[in-house]
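Trainee: I would like to learn how to read a model feature by feature. Can you take me through one?

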Amino acid sequence: MKDTLGREITYLRISLTDLCNLRCVYCMPPEGTKKLQHRDILSFEEIEEIARAAVALGVRKIRLTGGEPLVRRGMVDLCRRLRAIPELKELALTTNGLLLPEMAADLKAAGVDRVNISLDTLNPDKYRRITRGGILEKALAGIQAAKDAGLAPIKLNCVLIGGFNDDEIPALAGLTMGEPVEVRFIELMPIGDAEAFGPEAYLPCDAVLERLPQLVPAGDNGGVAERYRLPGAAGAVGLIRPLSHCFCDRCDRLRLTADGQLKPCLHSREEIPLRGLHGEALRRQLEKAILHKPAQHGELSSASRSESARDMNQIGG
Ligand code: SAM
Ligand code: SF4
């Protein structure tokens, strides 16, 4: 289904939980997030019903996210149920990867097509700092497990933070040399706990092009990333620039929170409740959300915060 601006809405991101086994400093408060009661989060039956209704309206890609989607008990079973929706073309996950060594093979068997894994640094000490306690080796083992299970093509999400990991741009991009992975640099967004960062942290992705002038355009694959390639590389480097290059005119997505609110825009306060709706009423509410999708979000910069009423771990990126 198209929105009023002619944007075809084909992508639904579903957050399975606000909880996480890490506490990234730009995403979550140090004490973590308030645990919602089981009855306050959507059951797998409810998620499947909403997903089926969204697919009936034209959604073709679903991404499970969080918080950390792999910490939600039984989520492999949910993947299997979603994969059984006939018109769904792609089922993907965004994860910090820590639980992939145990789960990657089961996820693949359940029908998950591919995974995006967050990796902001290749330095164990910096990884521990940015995730407040995470162990880099475990994330790298998760990436390897995803490769071994065939959850490909793998994309590595790297939030670019001035003064923290801009010195690692060449090393992170270098991961694309030998393997067909896509390393995506994402501009830090001023939402939730990222508000504590100073202006120097909000580094535009132009910094990647400046550090790596040998990058050549690698063509569009329909997503929000601008893609480049290092000469001779097997993989690609993606730039996701919500601050410096607004891509709202190409936005094709809706977001469902773990407690059942639909967000037509990541950076808007607007939320549309879906809980308790079935059949025709659910379809009408989804249509309303698509028709009400804002043309674009307000200005985002180190000085202008997102208007979203939720932190990133409560939305899913
Ligand atoms: N826990 C999973 C993970 O880390 O991949 C999924 C949820 S996480 C909220 C989804 C993505 O949002 C991650 O790639 C994370 O780096 C990104 N993210 C979180 N806070 C952000 C912020 N303030 N600005 C830009 N990206 C952010
Ligand atoms: Fe957890 Fe992902 Fe947020 Fe990090 S970015 S705290 S891994 S939800």
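**Reading the model**

Mentor: Start with R132, in the loop between α4 (124-130) and α5. Keep in mind that this is a predicted model.

Trainee: Which residues does a cis peptide bond join?

Mentor: A152 and P153. Omega there is about 0°. P153 sits in the loop between α5 and β5 (155-160).

Trainee: Which residues of α1 are buried?

Mentor: F44, I47, E48, I50, A51, A53, A54 and V55. Next, look at what they pack against. The partners are strands β1 (11-15), β2 (61-65) and β10 (253-256), together with helices α2 (75-83) and α8 (279-291).

Trainee: Which element gives the most to the largest nonpolar core, and which core residues touch the most other members?

Mentor: Take the members first. The largest nonpolar core has 98 residues, and I62, L64, M75, L107 and F185 touch the most other members. The element that gives the most to this core is α1, with 7 residues.

Trainee: What is F185 in contact with, beyond its neighbours within four places in sequence?

Mentor: The contacts are C158, L160, I169, L172, A173, C205, V208, V237, G238, L239 and I240.

Trainee: On to charges. Why would two side chains pair at all?

Mentor: Side chains of opposite charge can pair when their charged atoms come close. This structure holds 20 salt bridges.

Trainee: How far apart are the closest N and O atoms of E45 and R81?

Mentor: They are 3.5 Å apart, in a salt bridge. The pair links distant parts of the chain, with E45 in helix α1 and R81 in helix α2, 36 residues apart. Both ends are partly exposed: E45 has a relative accessible area of 49%, and R81 has 23%. E45, E48, R52 and R81 are linked in a network of salt bridges.

Trainee: Where do K147 and E179 lie?

Mentor: K147 is in helix α5 (residues 136-149), and E179 is in the loop between α6 (169-174) and β6 (182-187). That puts them 32 residues apart in the chain. They form a salt bridge, with the closest N and O atoms 2.9 Å apart. K147 is partly exposed at 28% relative accessible area, and E179 is partly exposed at 34%.

Trainee: Next, a ligand. Which residues surround ligand 2?

Mentor: The shell consists of C20, L22, R23, C24, C27, M28, G67 and N96. Sort them by type. The shell divides into 5 nonpolar, 2 polar and 1 charged.

Trainee: Where is C27, one of the shell residues?

Mentor: C27 is in the loop between β1 and α1. Buried means under 20% relative accessible area. C27 has 17%, so it counts as buried. Leaving out residues up to four places away in sequence, C27 touches D193, D311, M312 and N313.

Trainee: L22 is in that shell as well. How far from L22 is L98?

Mentor: L98 and L22 are 76 residues apart in sequence and 9.2 Å apart in space, C-alpha to C-alpha. L98 is in the loop between β3 (90-95) and α3 (100-109). At 13% relative accessibility, L98 is buried. Beyond four places in sequence, L98 touches N21, L22, Y127, I135, K138 and A139.

Terms used. Residues are numbered from 1 along each chain as its sequence is written. Chains are lettered from A and ligands numbered from 1 in the order in which they are written. This is a predicted model: local features need pLDDT of at least 70, side-chain atom pairs count only at pLDDT 80 or more; totals for chains, interfaces and linings use all residues. Side-chain values use heavy atoms; hydrogens and water are left out. A residue is near a molecule or strand if one of its heavy atoms lies within 4 Å of it. Ala, Val, Leu, Ile, Met, Phe, Trp, Tyr, Cys and Pro count as nonpolar, Asp, Glu, Lys and Arg as charged, and the others, Gly among them, as polar. Buried means under 20% relative accessible area, exposed over 50%, partly exposed in between (1.4 Å probe, protein chains only). Helices (H or I, at least four residues) and strands (E, at least two) are DSSP runs, numbered from the N terminus. Contact means heavy atoms within 4.5 Å. A salt bridge is a side-chain nitrogen of Lys or Arg within 4 Å of a carboxyl oxygen of Asp or Glu. A nonpolar core is a set of buried Ala, Val, Leu, Ile, Met, Phe, Trp, Tyr and Cys residues joined through side-chain atoms within 4.5 Å.
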